[in-house]
Amino acid sequence: METTDLTSQKMTFDRKNYSDKILLELYESLLMPRRIEEKMLILLRQGKISKWFSGWGQEAISIGVVNALQADEFILPMHRNLGIFTGRNMPLERLFAQFQGKLSGFTKGRDRSFHFGSIEHHIVGMISHLGPQLAIADGIGLADKLSKEKKVTVVFSGDGASSEGDFHEGLNVAAVWKLPVIFVVEHNGYGLSTPSEEQFAFKYFTEKGPGYGMEAIRVQGNNVLEVYDQIKTLAEDVRQNPRPILVEAITFRMRGHEEASGTKYVPKQLMEDWAKLDPVENYERYLEEIGVLDEKTKEKINKRIKKAINDGLDIAFAEEAISPNLETELEDVYAPFSQEVISPTLNSQKSEKRLVDAISDGLRQSMEKYPNLILMGQDIGEYGGVFKITDGFKTLFGADRVRNTPLCESAIIGAGLGLSIKGYKALVEMQFADFVSVGFNQIVNNLAKIHYRWGQQADVVIRMPTGAGMAAGPFHSQSNEAWFFHTPGLKIIYPSNPYDAKGLLNAALEDPNPYLYFEHKGMYRSISAEIPDEYYTVEIGKARLAKGGSQVSIITYGMGVHWAMKASEELNLSADILDLRTLLPWDQEAVKATVKKTGKVIFLQEDCLTGGIGAEICAWISEHCFEFLDAPVMREGSLDTPVPFAPSLEKQFLPVERFKEKLNRLIEF
Ligand SMILES: Cc1ncc(C[n+]2csc(CCOP(=O)(O)OP(=O)(O)O)c2C)c(N)n1
């Protein structure tokens, strides 16, 4: 749409059967974010706050929405939705403390402005990346639908953010799964300096809804009564008949993207036209015209608001700046969880299981143990997953809990977080670990950071079929554990045998923190062992001595354990082989113990050498175990190239032969 078309709306109000009381409540609710913003703009000029994202002129959308929903229905706002926060009656002193980075703010000074959520207020705040919000709303909507809660969730997006892939994925999943989610697009003409016509080539978002198989309506975003009435009506309908709806709210961004960036690029006339459509002034005039608002009431309301703002600011300003506490900062990265390892009973029944069966067995038992555990992944339903881990699960647990998903890794991981927010557990299967690259943002920015930022757990496990050796080429063979190893807030496990595979998966599903669970495709059907039939867990963060020896320490994980065993046998070595099992957090004690024992250490990984897990652990050994070393710390890994397809090239890529040579060198040192 040409941005100039946006003003074509006429501001007419229709009170329908709404009482004077409701009309006045909406007025007071609408006035609050405007008055706060006036104050914030002054504080910004005085250098008392550092940044401000203005919602000036767009307040009617937030206020219409927040008042139309029930207090326990989730709203997922963006950066111009102050009215959602005030409309949910958040204590203003906490809100202001949040803006100032104070301890009593919602993120304890760890994140800025509107980047926070509050379960108490049923608000899930954004991360800077904008689009990932939509999938979280899908997860919340899915939880409501599964629990038959008859609730609706509202998520916001700007018109600019609608160009992100996450927007498409979020809407598509909601449409396919008929989720009770209202997607409100605030069509405000610009995304930073980019006008709508440079952002997308359609006119109205209402054209998009039907393309997704979704109803879509357009509202005058500056008309609080219209937004309120439309959302209220839709919400009542969606609660009874769960489905997604796209609501396009036409409005305009009256100030800069953030205050420092200004509005020079916006035609002056456009600003003037839109100023006439100011949501606060027009609604106020309407209420006066119909005799609902008089001077005395107006004064009373304004006084009340002013006092609330000033009181809140006094408290927030009086609070001292945070004095950092190292322990709390580190502790809050993860949700509190203390694992109680469940060991198998002494004479437990055992059966021979391949790695693939062990994973499937653990998953099935966890599904039985946790009725709130939901599986999601491509082709995991009827088809049983491409590696058949979930074969028969749909019959056992039903299609609600074993969910075939569209092809959209980002939305499904985000939906997992949404489920977690509603008290569910989610397990997401990547068809191949390689495809996690298109869900990367949700993992490293949402799942990993949410507990540290505002104390929300992300009870999500992501299964990662990984590894090379099957001539599957660069996109079905990668070892990508190191992509995540560097991200605080995640836990990473990588079993090398059926016993650990089952026990570690069960353990990960018990823990409310986000996990990446790597399973080597090459071991699925080639490695088997007798393992207990009953449910058990393996300790997270604890390495396993795969073989005891005295000449040399080989520290490794996954397929590396099998290569190390074979090499030490072939070379007739007495090697101490340490299987890390958990990569994050890794077992420093066990690493130190083996180095101390042999004085010679080599790290082996299937992943490319540069920047891998070995790089970190070898650096740590050099720093912390220097006095025990009789030789340089060595490491071997795959070549620093993509994983090649042809078997001869792949053989050269993998570290097996180079490792043996290096091991010999180390022994002879
Ligand atoms: C993935 C990503 N790319 C770029 C940005 C920088 N950025 C922040 S807001 C914004 C414009 C968003 O426009 P829109 O969605 O229309 O929302 P509006 O600011 O107009 O309310 C941009 C480019 C970002 N936050 N995230």
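## Around the ligand

Ala, Val, Leu, Ile, Met, Phe, Trp, Tyr, Cys and Pro count here as nonpolar, Asp, Glu, Lys and Arg as charged, and the others, Gly among them, as polar. By that scheme, the shell around the ligand holds three nonpolar, eight polar and three charged residues. The shell has 14 residues, the closest being R80, S128, G160, A161 and Y190 (a residue belongs if one of its heavy atoms lies within 4 Å of the ligand).

This is a predicted model, where local features need pLDDT of at least 70 and side-chain atom pairs pLDDT 80 or more, while totals for chains, interfaces and linings use all residues. Residues are numbered from 1 along each chain as its sequence is written, and side-chain values use heavy atoms, leaving out hydrogens and water.

## Polar contacts

Now for the polar contacts (pairs of N or O atoms within 3.5 Å). H79 places a polar side-chain atom 2.8 Å from a ligand oxygen. The protein buries 70% of the 580 Å² that the ligand exposes when taken alone (Shrake-Rupley method, 1.4 Å probe).

## A five-strand sheet

Further along, five strands make an open, mixed sheet ordered β16-β18-β17-β20-β21 (strands are DSSP E runs of at least two residues, paired by at least two bridges). β16 (544-547) and β21 (634-638) are the edge strands, each with a single partner, so one side of each lacks a neighbour in the sheet.

Strands β17 (552-556) and β20 (601-608) run parallel, joined by three bridges; I554 has I602 of β20 as its bridge partner.

Terms used. A polar contact is a pair of N or O atoms within 3.5 Å; within protein, one must be able to donate a hydrogen and the other to accept it, and residues adjacent in sequence count only if both atoms are side-chain atoms. Helices (H or I, at least four residues) and strands (E, at least two) are DSSP runs, numbered from the N terminus.
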